[in-house]
Amino acid sequence: MCLGIPGRVLEIHDDAGLRMATVDFGGVRREACLNYTPEAGVGAYVIIHVGFAISVVDEGEAQRTLAVLRAMADAVEGELGEPLP
């Protein structure tokens with residue numbers, strides 16, 4: 001199963017010409033590519049799928065989705081490699 005997980009963009013940087021970000025998933029931080037979401041800025045919530053931000057969502061939607069994913073802990077751990085706090 002593949003999940004799109006919402007996270008908050010903490011910082012943006014360039015990596016060999018790719019627009020990259022550090023994204024926080026409620027305590028778990030990962031790097032993600034922002035090339036598909038050029039409108040995403042620091043503080044924005046984005047849906048991450050296999051290391052790529054695929055859409056921007058509002059904070060309320062992100063928090064609701066994270067709550068559902070916490071209830072599905074095994075699936076999230078399989079996708080991120082560790083559970084959400």
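The side chains of Glu61 and Arg64 meet in a salt bridge, at 3.1 Å from N to O, the term denoting a side-chain nitrogen of Lys or Arg within 4 Å of a carboxyl oxygen of Asp or Glu. The structure holds two salt bridges. This is a predicted model, in which local features need pLDDT of at least 70 and side-chain atom pairs count only at pLDDT 80 or more, while totals for chains, interfaces and linings use all residues. Residues are numbered from 1 along each chain as its sequence is written, and side-chain values use heavy atoms, with hydrogens and water left out.

**Salt bridges**

- Glu61 and Arg64 both belong to helix α1 (residues 59-71), where they are three residues apart, about one turn of the helix. Helices (H or I, at least four residues) and strands (E, at least two) are DSSP runs, numbered from the N terminus.
- Glu61 counts as partly exposed, at 35% relative accessibility. Buried means under 20% relative accessible area, exposed over 50%, and partly exposed in between (1.4 Å probe, protein chains only).
- A salt bridge also joins the side chains of Arg29 and Asp24, at 3.8 Å from N to O.
- Arg29 counts as exposed, at 54% relative accessibility, whereas Asp24 is buried, with a relative accessible area of 19%.

- β4 and β5 (52-57) pair in the antiparallel sense over five bridges; two strands pair if DSSP finds at least two bridges between them.
- Val46 has Val56, in β5, as its bridge partner.
- Two residues lie between the strands of this hairpin, in which Val50 takes a positive phi near 45°.
- Val50 is not a glycine, and it counts as exposed at 54% relative accessibility.

**Other loop residues**

- Ala16 is not a glycine either, yet it has a positive phi of about 55°.
- The loop between β1 (5-15) and β2 (18-24) holds Ala16, which counts as exposed at 78% relative accessibility.
- Thr37 is placed in the loop between β3 (29-33) and β4 (45-49).
- Thr37 is buried, with a relative accessible area of 1%.
- Leaving aside neighbours within four places in sequence, Thr37 is in contact (heavy atoms within 4.5 Å) with Arg19, Ala53, Ile54, Ser55 and Val56.

**The largest pocket**

- The volume of the largest pocket is about 150 Å³. On a 1 Å grid over the protein atoms alone, a pocket is an open set of points where a 1.4 Å probe fits, with protein on both sides within 12 Å along at least five of seven lines. Grid points are joined across faces, edges and corners, and a volume is the space filled by probe spheres set on the points.
- β3 contributes the largest share of the lining, three residues.
- By class, the lining has seven nonpolar, two polar and three charged residues. Ala, Val, Leu, Ile, Met, Phe, Trp, Tyr, Cys and Pro count as nonpolar, Asp, Glu, Lys and Arg as charged, and the others, Gly among them, as polar.

Terms used
On a 1 Å grid over the protein atoms alone, a cavity is a set of points where a 1.4 Å probe fits but cannot get out, and a pocket is an open set with protein on both sides within 12 Å along at least five of seven lines; lining residues have an atom within 4 Å of a point.
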